[in-house]
Amino acid sequence: MIASILYQIVHMVLVLALAPLLTGWVRLVKARLLGRRGPSPIQPYRDLLRLLRKEVVLAHNASWLFRATPYVMFTAIWLAAGLVPVFTTRLALAPAADLIALIALLGSARFFLALAGMDIGTSFGGIGSSREMMIAALAEPAMLMMVFSVAVLVRSTSLAEIAAFMTSGSVGLRVSLAMALIALVMVAIAENARIPIDNPSTHLELTMVHEAMVLEYSGRHLALVEAAAMLKLLLYVALIACIFVPWGLATGDRGTVLTGLLSFLAKLATAGAGLALFETSVAKMRVFRVGEFLGGALLLSLLGAIFLYVSRGV
């Protein structure tokens, strides 16, 4: 019990410490692929510290909801990241590490951010919130169908049990799991406002989604929002690694914590480089085509769930 508590504390600190580094790594690789020198991978740490030292500027009509949202959003996403095993499944929160609970925490953070975007009454905030809800209405069903696909195979939605099952060697090659993986990657791109859904490095009012909702934030509030966005990116990378690439993860009596930690760092570096390569290879799509993109993710996850359901004879 004491070991699981210690692992959980290390896990929470680790995801919080590595989230800005992952964002900085993606930015650096993108810059190198575009022929530029690029910023240092530790630049996100400096940006967060700079924002924390700045004074908070609030609009006169900002309500308590606008002030509380950065803290609620950061806490919910940090807790959700704490539920996803990154180097070991022997965590104190392992019994609560359920995919349904994970989706609920992410949905709560999105709900508060959308309300905060509309709270001030600016046009940008309203546009961003409406687009965010449109994306959520398509991304959450695809996410849930992916969960059901895995749950049909593993007979559980517990991340620890899913990771243990995937490393057991009895899975084999399944087209349905490949469909679920592609659907989860597409949802992760949309949820993290990455290209081709959104461009996190611009503030063009006709295209931005996430940035439109946080334009009125400043100081420590903006630092919490940015840190939550970085945590969310790491969370989805960890989730994909835990479900579909769990090799090296210490599960039960199999594997060591050090091996799990080193494998997770390798997975982060690979995923960050892959994301940078993908974003430099595609163009941002129009807002009205987002439905087609996420509709494809929903279709893939639905087909994966059907194939698994039929193949197991449930």
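How many Å² does the accessible surface of the protein come to, and what share of it belongs to carbon and sulfur atoms?

1. The accessible surface comes to about 14200 Å², and 70% of it belongs to carbon and sulfur atoms; accessible areas come from the Shrake-Rupley method with a 1.4 Å probe, and for residues only the protein chains shown count as cover. The model is a predicted one, in which local features need pLDDT of at least 70 and side-chain atom pairs count only at pLDDT 80 or more, while totals for chains, interfaces and linings use all residues. Residues are numbered from 1 along each chain as its sequence is written, and side-chain values use heavy atoms, with hydrogens and water left out.

2. On the overall fold, the secondary structure comes to 11 helices and zero strands, where helices (H or I, at least four residues) and strands (E, at least two) are DSSP runs numbered from the N terminus. The radius of gyration of the protein is 19 Å, close to the 20 Å that the globule rule gives for 314 residues, so the protein is as compact as a globular protein of that length; the radius is taken over C-alpha atoms, and the rule is 2.2 Å times the number of residues to the power 0.38. Along its principal axes the C-alpha trace spans about 60 × 45 × 45 Å.

3. Of the 314 residues, 52% count as buried, a term that stands for under 20% relative accessible area, with exposed over 50% and partly exposed in between (1.4 Å probe, protein chains only). Among contacts between residues at least 6 apart in sequence, 80% join residues at least 24 apart, contact being defined as heavy atoms within 4.5 Å.

4. The residue T69, in helix α3 (residues 64-83), deserves a look in the viewer. T69 has a relative accessible area of 0% and is therefore buried. A polar atom of its side chain lies 2.7 Å from the backbone oxygen of L65, and the side chain of T69 also reaches the backbone oxygen of F112 at 3.4 Å. These are polar contacts, meaning pairs of N or O atoms within 3.5 Å; within protein, one atom must be able to donate a hydrogen and the other to accept it, and residues adjacent in sequence count only if both atoms are side-chain atoms. Not counting residues up to four places away in sequence, T69 touches F112, L113, A116 and Y217.

5. Leaving aside neighbours within four places in sequence, S4 is in contact with R90, L91 and A92.

6. The bond that joins I195 and P196 is a cis peptide bond with omega of about 15°, and P196 is found in the loop between α7 (175-191) and α8 (210-213). The loop between α7 and α8 also holds A193, whose phi is near 55°, a positive value in a residue other than glycine; A193 counts as buried at 10% relative accessibility.

7. A positive phi, of about 65°, is found in R155 as well, although R155 is not a glycine. R155 lies in the loop between α5 (123-154) and α6 (159-166), and with a relative accessible area of 56% R155 is exposed.
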